[in-house]
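Could you take a look at this one with me?

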Amino acid sequence: MVAILLGPPGVGKGTQGDRLVRALGWQKIATGDLLRAARREGTELGRKAQEYMEAGNLVPDELIVELVKEKLAALSPDTGVLFDGFPRTVPQAEALDAALPSVDRKVGVVILFDAPADVLHKRISGRRSSPDSGRVYNIYFDPPKVEGICDETGSALIHRDDDQPETVARRLEVYRKQTQPLVEYYDESQATLLRIDGDQEMSEVQGDLHAALAREAGIEVGEA
Ligand code: AP5
């Protein structure tokens with residue numbers, strides 16, 4: 001099974017995706033996380049991606065498709081895969097459709113989250129991440145026990161450099177222009193498109209997601 005998380009910046013793709021792969025024992029391929037890791041490690045991909053990410057623009061399709069193909073080739077054959085933040089353009093979706101048969105997979109489910117822009121801005125302004133565990137917090141909705149410190153590792157939490165208000169506005173515009181056309185793309189495909197209201201508490205979003213996966217895709221999610 002291949003599933004895709006679709007939705008604007010800050011809507012909760014990473015939050016829900018982490019919970020889902022934990023509960024299902026699937027693997028997650030999150031292109032944003034992979035690009036941030038490449039930047040931290042100073043690889044060629046990281047250096048190429050930096051200026052696009054800092055400006056809130058998409059990294060060129062060819063770099064992303066190459067990255068995803070590498071990850072697909074390294075997958076263990078029996079696990080489900082959840083893509084978070086990929087595909088983000090129609091050419092990326094077409095490249096994925098072309099690549100999946102070689103690993104004997106196809107896109108089964110596309111999960112679309114949405115929420116109003118003011119909600120997205122507030123969530124993003126409150127987001128803090130742990131640089132080592134990768135755990136994501138929110139100073140308004142899901143704070144750490146000690147302000148600014150990761151509960152799990154004790155390290156100082158960071159604010160992503162593309163989470164500044166002007167960059168967020170650009171990321172939302174890029175989403176509307178370049179990524180939203182994928183809703184129609186997948187609506188017309190063989191995959192099951194699930195529309196989930198992301199403007200609810202995290203547990204309510206999760207409950208709706210699990211119910212929709214069971215009802216419309218036959219995927220039963222147990223507790224993580
Ligand atoms: P990426 O890392 O993919 O960022 P994004 O899509 O902009 O998504 P976010 O990570 O901002 O949000 P999310 O939906 O995961 O929300 P989260 O769960 O963290 O991409 C970053 C950049 O990399 C791109 O701009 C681009 O440059 C590049 N890139 C990546 N993939 C690419 C691709 N395929 N092609 C080209 N370029 C690519 O939640 C947000 C906050 O809200 C958190 O603090 C969380 O705790 C909180 N929260 C979550 N859910 C709720 C809730 N229900 N109620 C209250 N708070 C909540």
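Below are my numbered points, starting with the ground rules and moving from the ligand to a few individual residues.

1. **Ground rules.** Keep in mind that this is a predicted model, where local features need pLDDT of at least 70 and side-chain atom pairs count only at pLDDT 80 or more, while totals for chains, interfaces and linings use all residues. Residues are numbered from 1 along each chain as its sequence is written, and side-chain values use heavy atoms, with hydrogens and water left out.

2. **Where the shell comes from.** Helices (H or I, at least four residues) and strands (E, at least two) are DSSP runs, numbered from the N terminus.

3. **Backbone atoms facing the ligand.** On the oxygen side, a ligand oxygen is 3.0 Å from a polar backbone atom of Gly12, and a backbone N or O atom of Val11 lies 3.3 Å from an oxygen atom of the ligand. For nitrogen, look at Val59: one of its polar backbone atoms is 3.0 Å from a nitrogen atom of the ligand. The protein covers 96% of the 1,000 Å² of accessible area that the ligand has on its own. Accessible areas here come from the Shrake-Rupley method with a 1.4 Å probe; for residues, only the protein chains shown count as cover.

4. Side chains of opposite charge can pair when their charged atoms come close. The cut-off used is a side-chain nitrogen of Lys or Arg within 4 Å of a carboxyl oxygen of Asp or Glu, and the whole structure has 17 such salt bridges. One of them joins the side chains of Asp18 and Lys28, at 2.8 Å from N to O. Asp18 lies in helix 1 and Lys28 in strand 2 (residues 27-30), so this pair ties together parts that are 10 residues apart in sequence.

5. Arg39 meets Glu54 in a salt bridge of 3.5 Å, N to O. This links helix 2 to helix 3 (residues 44-55), with the two residues 15 apart. Arg39 also forms a salt bridge with Asp161, where the closest N and O atoms are 2.8 Å apart. Asp161 is in the loop between strand 6 and helix 7 (165-179), 122 residues from Arg39. Buried or exposed? Arg39 is buried, at 19% relative accessible area, while Glu54 at 38% and Asp161 at 39% are partly exposed. Buried means under 20% relative accessible area, exposed over 50%, and partly exposed in between (1.4 Å probe, protein chains only).

6. **Arg171 and its network.** Salt bridges that share partners join Arg127, Arg160, Asp162, Asp163 and Arg171 into one network. Arg171 itself is in helix 7 and is buried, with a relative accessible area of 12%. Leaving out residues up to four places away in sequence, Arg171 touches Pro9, Gly56, Ile124, Arg127, Arg160, Asp162 and Asp163; contact means heavy atoms within 4.5 Å.

7. **Ser130.** You will find Ser130 in the loop between strand 5 (127-129) and strand 6, buried at 4% relative accessible area. Beyond four places away in sequence, Ser130 touches Arg135, Cys150, Thr153, Ser155 and Leu157.

8. **Two backbone details.** A cis peptide bond joins Phe86 and Pro87, with omega about -5 degrees. Pro87 lies in the loop between strand 3 (81-84) and helix 5 (90-99). Asp104 is not a glycine, yet has a positive phi of about 60 degrees. Asp104 sits in the loop between helix 5 and strand 4 (107-114) and is exposed, at 73% relative accessible area.

Key
Polar contact = N/O pair within 3.5 Å; in protein donor to acceptor, adjacent residues only side chain to side chain.
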